[in-house]
Amino acid sequence: MIIAIIILLVVIIVFLMLYNMSVHKKIETFSNLNQKIMSLNVLQEFMDTVSQEKSADEKISKINEILIEKYDIKYSTIVVYNGAEYIIKATNVEERHWETLRNLHAEEIFKDSIETATPKYITVEQEGERLPYQKMEFGRAKSAMFFPLYIDNIYIGYWIIESGKPHDFDNIDTTILEVVKNNIISVIRTIDKQNVIENIVRDDEFTGLKSEEYLYGEGKRKIDEYDTSAICMLEIKNIKEINENYGRHTGNQVIAQVSNQIRQNIAAEYVCVRYMGPKFVIVFSGIEVEGITEFVQDMKKNIETLKVEQAEEDVYEDEEPQEVSPIINMAVTTYYKGTALEGTTKKLETYLDSANEKESQINYI
């Protein structure tokens, strides 16, 4: 009888052990699934942020905010090397600590991590200690994980997360963090192209207008505040003739005066750039094409009545300076928010380039 009871108890214990193992495995599976779902959700938020009409710096800051919120990180800092210096692209750490954070690549404790492209975890053992890279602070961070960032095997900076508690990252799932790190790299790669466009924007020498690159960066963000806008491209059709017959200095003066005429008549909320050569683009933000018909007619008339005196450099000693007037050909269409702005401008450019050399009118396409 006693033996039977013992056998029964052993069976029950074995059953409970197997049951507990099964439950633990299900919980672990659920946890992993939950983490994967969370990672997918975070990635979706990353992509949503990248697609928004914000500056590159605003996007990377927003992504850092998502990391902090979704993964309950105390401090998160993304540092990128721009070819000349290390720049903090995003952080929630007080500015007085930025100098330390932007120079972590020079810290001995992180050099092997950068060289081997592997994460580095450091923590203090007691409250009175400080992390090796901390110069003037004790209470802010007690543990940290350092992730070097590489694009196509080229080191481009690092991501560091910090906690105010010792050993706070002991049990963290580094696999998930590796996925997050790779997502950060993907985002940096994506917005790097936007950064290039924003950084090469310049003021045109002859016109004082922004260059074409402005149109696809800050200009596009202004334009996309509205669902639709009228976009107009105009070309000084006789600029080649002016250059050949009256001189290039005169041609430059014609371009300058045309741009001045445009600037004087364009409201501040509209975007106007020198597109390239003798072409200009004006985007009437939030205005339907029908709403600009009279305006562009008047603008064309006013430009073509300009009298530009031949430049002194182009006049021979025994001649009198002559006057020239620009001839304008124009193409107008509708731009829809969310579509490719460069595609719309290319359509206008293609039309003007293929138009008859003598054409001088307003074309609605």
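**Exercise 1. The overall picture**

Task: State how many helices and strands the protein has, and what percentage of its residues count as buried.

Solution: In this predicted model, the protein has 11 helices and 13 strands. The next step is to look at burial, where 42% of the 365 residues count as buried. The accessible surface of the protein comes to about 20,500 Å², and 51% of this surface belongs to carbon and sulfur atoms. Finally, when contacts with a separation of 6 or more are considered, residues 24 or more positions apart account for 64% of them.

**Exercise 2. The surroundings of Tyr75**

Task: Find the element in which Tyr75 lies, decide whether Tyr75 is buried or exposed, and list the residues in contact with Tyr75.

Solution: Begin with the element, which is strand β1, covering residues 75-81. Next comes the accessibility: Tyr75 has a relative accessibility of 15%, and because buried means under 20%, Tyr75 counts as buried. Once the neighbours within four places in sequence are left aside, the contacts of Tyr75 are Asn92, Val93, Arg140, Ile160, Ile161 and Glu162. One of these contacts, Glu162, is 87 residues away from Tyr75 in sequence, while the C-alpha atoms of the two are 5.0 Å apart in space.

**Exercise 3. Aromatic pairs**

Task: Give the number of aromatic pairs, and work out which class the pair of Tyr81 and Tyr86 belongs to.

Solution: The count comes to 11 aromatic pairs. For Tyr81 and Tyr86, the ring centres are 4.9 Å apart and the planes stand at 45°; planes under 30 degrees apart would be stacked and planes over 60 edge-to-face, so this pair is tilted. The two partners can then be described by accessibility: Tyr81 is partly exposed at 35%, whereas Tyr86 is buried at 15%.

A second tilted pair is formed by Phe110 and Tyr133, with 5.7 Å from centre to centre and 40° between the planes. Phe110 lies in helix α4 (residues 108-116) and Tyr133 in the loop between β3 (120-123) and β4 (143-151), so this pair ties together parts that are 23 residues apart in sequence. Phe110 is buried, with a relative accessible area of 0%, and Tyr133 also counts as buried, at 0% relative accessibility.

**Exercise 4. Two packed helices**

Task: Describe how helix α8 and helix α9 pack, and sort the residues of their contact by class.

Solution: Two packed helices are described by the angle between their axes and the distance between the axes. For helix α8 (residues 239-246) and helix α9 (residues 248-265), the angle is about 145° and the axes are 7 Å apart. On the side of α8, the contact is made by Ile239, Ile242, Asn243 and Tyr246, and on the side of α9 by Arg248, Thr250, Gly251, Val254 and Ile255. Sorted by class, the contact has five nonpolar, three polar and one charged residues.

**Exercise 5. Positive phi values**

Task: Compare the places and accessibilities of Ala117 and Asn153, two residues with a positive phi.

Solution: Most residues other than glycine have a negative phi. Ala117, however, has a phi near 55°. Ala117 is found in the loop between α4 and β3 and counts as partly exposed, at 36% relative accessibility. Asn153 has a phi of about 65°, and its place is in the loop between β4 and β5 (154-163). With a relative accessible area of 76%, Asn153 is exposed.

Conventions: Residues numbered from 1 in each chain as written. Predicted model: local features only at pLDDT ≥ 70, side-chain atom pairs only at ≥ 80, totals over all residues. Heavy atoms only, no water. Helix = DSSP H or I, 4+ residues; strand = E, 2+ residues; numbered from the N terminus. Buried < 20%, exposed > 50% of the residue type's maximum accessible area, 1.4 Å probe, protein only. Contact = heavy atoms within 4.5 Å. Areas by Shrake-Rupley, 256 points an atom, 1.4 Å probe, with all protein chains shown as cover. Phe/Tyr/Trp six-rings, centres within 6.5 Å; stacked < 30°, edge-to-face > 60°. Axes fitted to C-alpha atoms, helices over the stretch in contact; angles between N-to-C directions. Nonpolar A, V, L, I, M, F, W, Y, C, P; charged D, E, K, R; others polar.
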